Amino acid sequence: MRKTSAVLASLSLAVLALTGCTASASSDGAACDRGGDDKILNIADVSGDLGSLPDVSVFGPVKTDKTSFADVTVGDGLALGSDFQPVVLDIAFYGGDSGKKLYQSEFNGDGSRVHSIDYWAQRSAGLSSVLECATEGSRVLAVLTPEDFGEQNVEAFGLAKDETIVAVVDVLDVMPSKATGALQFNDASGLPTVVRAPDGTPGIIVPDVPAPTKTVTQTLIKGDGPKVKEGDAVVSNIMSVGWDDKKVTTNTWGTEASISAAPEQLIGATVGSQVLVVFPEADGSPSTVVVVDILGAVTAPTQ
């Protein structure tokens, strides 16, 4: 693990200039440019294991007029290449003037705390650029302007209007943004056909024939991740379409991924797979076609 330098420990002021970038691979294999500035590593000393609450000493007062970041530790996992890609992270905020801790997340290893860049950016806009292209296994040191931290946050924590905020972010798990794996051959006679946009969003083409009278499950793409076990919580993108009216009834693409207890149709399927399930008409409910991209499987939290 690379730790931040203590060179500036004896200085009273750290002023930041912003340069530099690195590259990583997103879940679809495309290049993902990661900006950043290693000078930020000089504004605090950060130690401790990834996923555990870090020991942070801020060499303040820290001042910046632009939100930026540097990777204390660079992970070798998937990169966050889209705003709605599932991610599990821990974060702690510190006052740039006082160095005091303002907030910390759980830092308890709970892998079911799945969110996205969009989720975190709604709470603090500056986190959008801090998290973009970050890789699983990374620890990030960042500085946020008061504007990017958020006016409500500044007021809630009693900060000065011009106070810079220091953040430490542990990126614990980055899941794929779509199904990735080998296309599978299926006898599609009488069953829907699925086409896919470049970002993975499915299009479901329902044939003009009667719906099956029994539940049908087909693996369309077979991922190479771990198998979904009974009791797991599945992180997924879902689209469902009515068989008869061809109307979309559920669509999580372009929003937060769904996380719920694994249904029996997905037990044994592998992470990274795309699964088609056709549910027949039952108890007055019409027949429905569901396409599921399995993005992750985590241990469900105990109640």
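Start by selecting valine 140: opposite it, in strand 11, stands valine 169. This is a predicted model, where local features need pLDDT of at least 70, side-chain atom pairs count only at pLDDT 80 or more, and totals for chains, interfaces and linings use all residues. Residues are numbered from 1 along each chain as its sequence is written, and side-chain values use heavy atoms, with hydrogens and water left out.

Now show strand 10 (residues 139-144) and strand 11 (residues 165-174). They pair in the antiparallel sense over six bridges. Strands are DSSP runs of E, at least two residues, numbered from the N terminus; two strands pair if DSSP finds at least two bridges between them.

Five strands form it, open, in the order 7-10-11-8-9, with antiparallel pairing. Strand 7 (68-73) and strand 9 (101-104) are the edge strands, and each pairs on one side only.

Next, the rings. The whole structure holds four aromatic pairs (Phe, Tyr or Trp rings, the last by its six-membered ring, with centres within 6.5 Å; planes under 30 degrees apart are stacked, over 60 edge-to-face, the rest tilted). Select phenylalanine 93 and tyrosine 103: the ring centres are 6.2 Å apart and the planes at 35°, so the pair is tilted. Phenylalanine 93 lies in strand 8 (residues 87-95) and tyrosine 103 in strand 9, so the pair ties together parts ten residues apart in sequence.

Finish at arginine 123. It lies over the face of tyrosine 119, at 3.6 Å from the ring centre (the criterion: NZ of Lys or CZ of Arg within 6 Å of the ring centre and within 35 degrees of the ring normal).

Key:
Helix = DSSP H or I, 4+ residues; strand = E, 2+ residues; numbered from the N terminus.
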